[in-house]
Amino acid sequence: MAPPDPRRPFKRLPISDQQKRRELALLRQAQSRRDSQHHARCIASSVLSLQNREESQLEIEIEEAEPELSPKPSSSNSRDFDVLRSSKLRGPEVRQWFARQLMLPEWMVDVPPRLNSDWYVFARPAGKRCLLVSSNGTTVSRLRNGSILHHFPSALPNGARTKDISGPAHSFSILDCIFHEPDQTYYVIDMLCWRGYSLYDCSAEFRFFWLNSKLAETGACNPPSQYHRYRFTPVLIYECDHIGLHEAYTGAFPYTKDGLSFYNRHAHYQTGNTPLALVWKDENCSQYVLDTDNKGQVPAQQQVVLELQDDGKLTTSDDPRVVCGCLDSNFMQQSGLQSGSLLRFVVGEGGFRFVDGKLEMADIHYIGKTNRARAFADSYSKILFQYTARRSPLKIDDLVASISSCHSQEDGSPDVKMVL
Amino acid sequence: MAMEVTMMLLNAQAVDGTVRKHAEESLKQFQEQNLPSFLFSLSGELVNEEKPVDSRKLAGLILKNALDAKEQHRKFELVQRWLALDSAVKAQIKSCLLQTLSSPVHDARSTASQVVAKVAGIDLPHNQWPELIGALLSNLHQLPPHAKQATLETLGYLCEEVSPDVVDQDQVNKILTAVVQGMNSSEGNIDVRLAATRALYNALSFAQANFSNDMERDYIMRVVCEATLSPEVKIRQAAYECLVSISSTYYDKLAPYIQDIFNITAKAVKEDEEPVALQAIEFWSSICDEEIDIIEEYGGEFSGDSDIPCFYFIKQALPALVPLLLETLLKQEEDQDQDEGAWNLAMAGGTCLGLVARTVGDDIVPLVMPFIQENITKPEWRQREAATYAFGSILEGPSPDKLTSIVNVALNFMLSALMKDPNNHVKDTTAWTLGRIFEFLHGSTVDTPIITHANCQQIITVLLQSMKDAPNVAEKTCGALYFLAQGFEDVGSSSSPLTPFFQDIVQALLTVTHREDAGESRLRTAAYETLNEVVRCSSDETALMVMQLVPIIMTELHQTLELQKLSSDEREKQNELQGLLCGCLQVMIQKLGGSEPTKYVFMQYVDQMMGLFLRVFACRSATVHEEAMLAIGALAYAIGADFVKYMPEFYKYLEMGLQNFEEYQVCAITVGVVGDICRALEDKVLPYCDGIMTQLLKDLSSNQLHRSVKPPIFSCFGDISLAIGENFEKYLMYAMPMLQSAAELSVHASGADDEMAEYTNLLRNGILEAYSGIFQGFKNSPKTQLLMPFAPHILQFLDSLYMEKDMDDVVMKTAIGVLGDLADTLGSNAGPLIQQSVSSRDFLNECLSSDDHLIKESAEWAKSTISRAISV
């Protein structure tokens, strides 16, 4: 029979420091385990495509020192960070990889249905589109062709070597931005990863919500300072109704506008070309409606860039590719063109001919190879948009009209009842 | 033979070592050669009235030890051995045991009653010896008092050994009737009444049904309350022990009796002998425990469906209870602060007052303040001490609003008393009270700070001065400084008010650790623990000073290693000091290694530090030092892949730690360190994995190792796989069956008690973390198909967990993550399997709509990988 011992702790510290140390160690270990697990998962979803390619075809040059990226290589950097590892890719692989990481809007050649209920609109800042990664105390922005735009400290999570206790140092954040030179600001148009948490598989609605609530918390929207070289600003995103569209189209913004972007509310962040994000321009909201050549002049006739395939076919960058023509093998041999080359053509008098919405015939003439910096061919929608822009462009009134018709459909027409 | 056994048993207690050793060996030999005969001989010895009492007693003890052991695995073996014994032999042994209960020799029957209970503990759950309880009760009223006393004692032990669910209600009723009758005042024999009262204490847990019946409960309560008034002090004490037990087991049934209980406890506290008065106070402390639990659990909101309502007994008793407790505070003993084992009326009363404050909050303050004001300046030390202790006791519970203004006034008084009061006891309590002030009324969560730049200097000056006082006062002062530092832990990179004094504080604490008398009153330990907290809570401004502390502590650790030829006492002290110093270094590693600017400077010490830790390990032959192991885990985390250079030397200690079944804390910590190392080294850990995995698998199969270490071992499988990826292949054939059988065991936790349910969830979490790590480790490897055969079972496991509906949030999050990992790694190959599982639909949906954002996040991830796996 155990007599109860009424003795209770008397004038003692509530827990022993050793127990506290044990518990803190366990907490740290559990946290690190979660982080590693999380890291593995994030990498899996964001770099999936890269790893597949690593195995199959790409030769990867791994260099110990990466002068551009980490001027002071340190032991702690040995922690694998696959998005940064991509910086060790070289040449065309870099361009390919980074080109694959951004969601590329199609050009709006006709108005999608349910524009006012399923879509967002924002005024696109003119500038350099880039993928921006903050991790391990530094921030790196890369252009679509993979070259580094800036390497700098920022107030983003783990974006500078300051004490940030809010998360593990290697957890990374990835933003889709446009860098606007005149006010030296990164306008953030999408958020792909935040503190190691992948947003790739989240709807645009959620990503924009997250972007607007999380970015400001970090102080990244503050004016530049010692540990925060550039200011970040989320773009203003509107519901694509009459008011939203009007604001985006006519409103004054701190940046130079370059057309309007439309994002489908339900779409996940899908890298590469997608019809769930669209871009549209006219002279009122963009200086660059028609493509310019490398001298900045609008050429008299439309030019297109196409990719040469093994069999001589000339294709767009879409997946699946759209064939716009064919080179004969003699010509290929004579001019030493290899498959995979990007070639520039001029659109002739004959233009394009469509049958049932499909390209039937294109009158194009070879000009030459493109600049090496170019990573990909034109998309079909771009070619089409440029083509119609020179002839019968899609006007803002068409967009407004489409919203109105959506309304009238919803408000005006009574539900059709099924009668049995 | 019989004579021989007697001789052996007597010789085994001989003063002469050689004789004793020889006898012990003979007994052991006898036991090994013929167990049934051995046990039977012992029971024969025990029952034989002609044998000397010493041999009978030892015979009984050996019998008892042949039936039970502390270690779980040993106990299991003994139980199996007894169950396998020939039933005729067992019947003879049992008969001897029961017969011994009537022996006129007290020691013989008392030993026998314990052995009977042990046998019952094994036999009753196996439906053997069903006639036992009947046999004990049948002629109870006809027995002579000594046999009656032994029988009641046996019933008490039996209730302690046996779980209530193996005794049917009819027998419970009979036991309770017999016990309560034995307690009744009509029972003339004191020993019988005492035995019955003690038996009731153990039988209370069997009385659920009887306490639900008003009449039976009234009767039991009346008899217990009457027993608290017995002329015999031991009976009064035992009766109060019953009341204390009732207060926690049947709190919700107490309302009709609480007024009477208050009256008798109040009288006992004021007038009765100390052991009785202590139990009477304990009754109210125990009621506080219950009410604090209920109020915490329901947040003070009682809806109709709350399990146990709060009756607010303490609130109702408050006006009478508080003066009663305050009175006890004046009954201190001289030098109680120097005596670690002391427990007296003043200590119990103050502790109870503290619990009352936590139970009722603000209401206690006006009842205690007059007592404090009246006594705190009295010339008699007892009065000053009691007033201070009362003040310190009520600082936890009432709101800061209620206390801040009082504390602001009291603070200066306390600081002055700590410096000037002539009495050691008063200073001890004053320092403790200051610690309580800093603990509960200082910190980032308190709106009105009581510590300002204006008074900080004065406080520090007094505390540092007081650290030179007697060891017990200095120890409490260290505690106060501990909480003072803790209150500033959130200042982070901004300025801490302690910064200007940092150097002085550290210096003062180091001086304390070197005091000649630092071994008394836990002083050295308190000083190092406070140093740790000061470092932990320091701001960036003092990072450089923390850095300078590193070589100082390393030098101290180095000095402990230079000591030669130590006595066992000195060795123990060395070991303890090394623990404190390793703990201190661990805190600094985490502090300095955790932020980028200091980390690089800190790196210069790492080689030397690791060298010291390895030498600390080398100091011992068979076991590893727990604190050094913890510190090494922190080090590996801080320096990452560079840790690989220490592995060749460190590995053997890692292995030793994993082999330490006895000190399971050491084993558990080492398992955690394996995880740290995996994350630090990643694939560089590969060469060590064969050894580590072998050890971990051995640990899992051991029934000696404390079960709490097993879940972390499973998690560790995940860490290893995540680090070495597809190289985990060769361990799959060992790890997967282990995981699979553990998974099957862990699915059903239903019917288990809270503790078991909690363990089951820990186990599930470990298993699931292992699966996650393994899937992610194999991700993108050409060998993912090796995992395919395990997918059906894992999905089934997830489905079963979902069906059981008793997962906690942590398990839920890990489980849904595993579903995602499975889909992610196996992709479309597992698509059809995934689509068939309940988890991929109902469970996933439930998680997607969870309020817990971690669960939701994992579910979103799982959803995305599943849709990919299904769509392709």
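**Entry 1: chain A**

I began with chain A: of its contacts (heavy atoms within 4.5 Å) between residues at least 6 apart in sequence, 66% join residues at least 24 apart. The model is predicted, so I kept to local features with pLDDT of at least 70 and to side-chain atom pairs at pLDDT 80 or more, while totals for chains, interfaces and linings use all residues. Residues are numbered from 1 along each chain as its sequence is written, chains are lettered from A and ligands numbered from 1 in the order in which they are written, and side-chain values use heavy atoms, with hydrogens and water left out.

I then looked up the secondary structure, taken as DSSP runs numbered from the N terminus, with helices being H or I of at least four residues and strands E of at least two. Chain A has 10 helices and 17 strands. I noted that 52% of its 420 residues are buried, where buried means under 20% relative accessible area, exposed over 50% and partly exposed in between (1.4 Å probe, protein chains only). The accessible surface of chain A is about 20,500 Å², and carbon and sulfur atoms hold 51% of that area. These areas come from the Shrake-Rupley method with a 1.4 Å probe; for residues, only the protein chains shown count as cover.

**Entry 2: chain B**

I found 42 helices and 0 strands in chain B. Buried residues account for 58% of its 872 residues. Of the chain B contacts between residues at least 6 apart in sequence, 73% join residues at least 24 apart. I recorded an accessible surface of about 36,100 Å² for chain B, 51% of it belonging to carbon and sulfur atoms.

**Entry 3: salt bridges**

I counted 50 salt bridges over all chains, each being a side-chain nitrogen of Lys or Arg within 4 Å of a carboxyl oxygen of Asp or Glu.

I looked up Lys118(B) and Asp68(B), whose side chains form a salt bridge at 2.7 Å, N to O. Lys118(B) is in helix α7 (residues 106-123) and Asp68(B) in the loop between α4 (53-65) and α5 (72-84) of chain B, so the pair ties together parts 50 residues apart in sequence. Lys118(B) is buried at 14% relative accessibility, and Asp68(B) is buried at 18%.

I next took Asp607(B) and Lys645(B), which meet in a salt bridge at 3.2 Å, N to O. Asp607(B) belongs to helix α30 (residues 606-618) and Lys645(B) to the loop between α31 (626-639) and α32 (647-658) of chain B, so this pair ties together parts 38 residues apart in sequence. Asp607(B) is partly exposed at 45%, whereas Lys645(B) is exposed at 53%.

I also checked the salt bridge of Asp824(B) with Lys779(B), at 3.0 Å, N to O. It links distant parts of the chain, 45 residues apart: helix α39 (residues 809-826) holds Asp824(B), and the loop between α37 (754-778) and α38 (791-804) holds Lys779(B). Asp824(B) is buried at 7% and Lys779(B) at 14%.

I noted one network of salt bridges with shared partners, joining Asp428(B), Glu475(B), Lys476(B), Arg522(B) and Glu529(B).

**Entry 4: a charged patch**

I located a surface patch of negative charge made up of Glu274(B), Glu333(B), Asp335(B), Asp339(B) and Glu340(B). Patches take residues with over 30% relative accessible area and no salt bridge, like charges being joined within 9 Å and nonpolar side chains (Val, Leu, Ile, Met, Phe, Trp, Tyr) within 5 Å. Lys and Arg count as positive and Asp and Glu as negative, with His and the chain ends not counted; a charge is placed at NZ of Lys, CZ of Arg, CG of Asp or CD of Glu. Glu333(B) sits in the loop between α17 (313-329) and α18 (345-360) of chain B, and is partly exposed with a relative accessible area of 39%.
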